[in-house]
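Please look at the sequence and the structure below before reading on.

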Amino acid sequence: FQIINNGKAKGVGTDFLIADDVVMTNCHVADILVDPRVEAPTVQFDFIEGADGVVQTGPQFELTGGKASWLIGFSPVNELDYALIRLPQGTGRTPVLAPRPFVFTNGDVYFIVQHPAGEPMKIGGGTLVGTVSAPPRVNYTTNTLGGSSGSPVLTTAWQPVALHRAG
């Protein structure tokens with residue numbers, strides 16, 4: 001899923017569904033969505049490139065009514081940097097579970113499902129190189145670009161364990 005502004009992705013951010021009508025992304029991405037220059041912030045599903053090279057797009061959900069109506073929870077950027085956004089209606093899709101407590105091990109492989117630079121979905125992989133305890137951060141070798149913030153970080157068993165926040 002990606003977050004777009006005025007019909008253009010241009011690296012705004014990525015999010016993922018944790019309930020039928022709730023997505024998780026970064027607080028700094030949600031902050032971009034309330035910037036006065038952003039008109040009609042939108043969450044778009046199924047923005048992928050098929051094996052045939054054709055880009056496919058799925059349904060879009062416009063976030064209306066201002067931040068107070070769709071931002072249902074967050075942690076500031078200098079802390080956990082997450083935001084929970086309620087969509088105006090359910091999606092009928094199976095959600096990814098929200099990240100749960102997890103023990104990270106250096107050298108383990110992790111994947112990031114992302115929309116780098118507003119492009120169709122890409123999956124990047126890398127290894128864990130360390131953790132920081134305050135604020136809690138996980139450092140890994142996966143290459144990302146702007147627009148990847150808010151992506152789920154997944155284990156090789158596709159278990160969500162973290163929220164990607166910066167390159």
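Two strands are said to pair if DSSP finds at least two bridges between them, and the strands themselves (E, at least two residues), like helices (H or I, at least four), are DSSP runs numbered from the N terminus. The model is predicted, with local features needing pLDDT of at least 70 and side-chain atom pairs counting only at pLDDT 80 or more, while totals for chains, interfaces and linings use all residues. Residues are numbered from 1 along each chain as its sequence is written, and side-chain values use heavy atoms, leaving out hydrogens and water.

Strands of a sheet pair through backbone hydrogen bonds, either parallel or antiparallel. Here, an open sheet of 4 strands runs in the order E3-E4-E10-E9 with antiparallel pairing. Strand E3 (16-19) and strand E9 (71-75) each have a single partner strand and stand at the edges, so one side of each is left without a neighbour in the sheet.

Gly13 belongs to strand E2 (residues 8-14). Is Gly13 buried or exposed? With a relative accessible area of 2%, Gly13 is buried, a word that means under 20%, whereas exposed means over 50% and partly exposed in between (1.4 Å probe, protein chains only). Leaving aside neighbours within four places in sequence, Gly13 is in contact (heavy atoms within 4.5 Å) with Gln2, Ile3, Val29, Gly147 and Ser149.

Thr155, in the loop between strand E14 (152-154) and strand E15 (160-163), is buried as well, at 8% relative accessible area.
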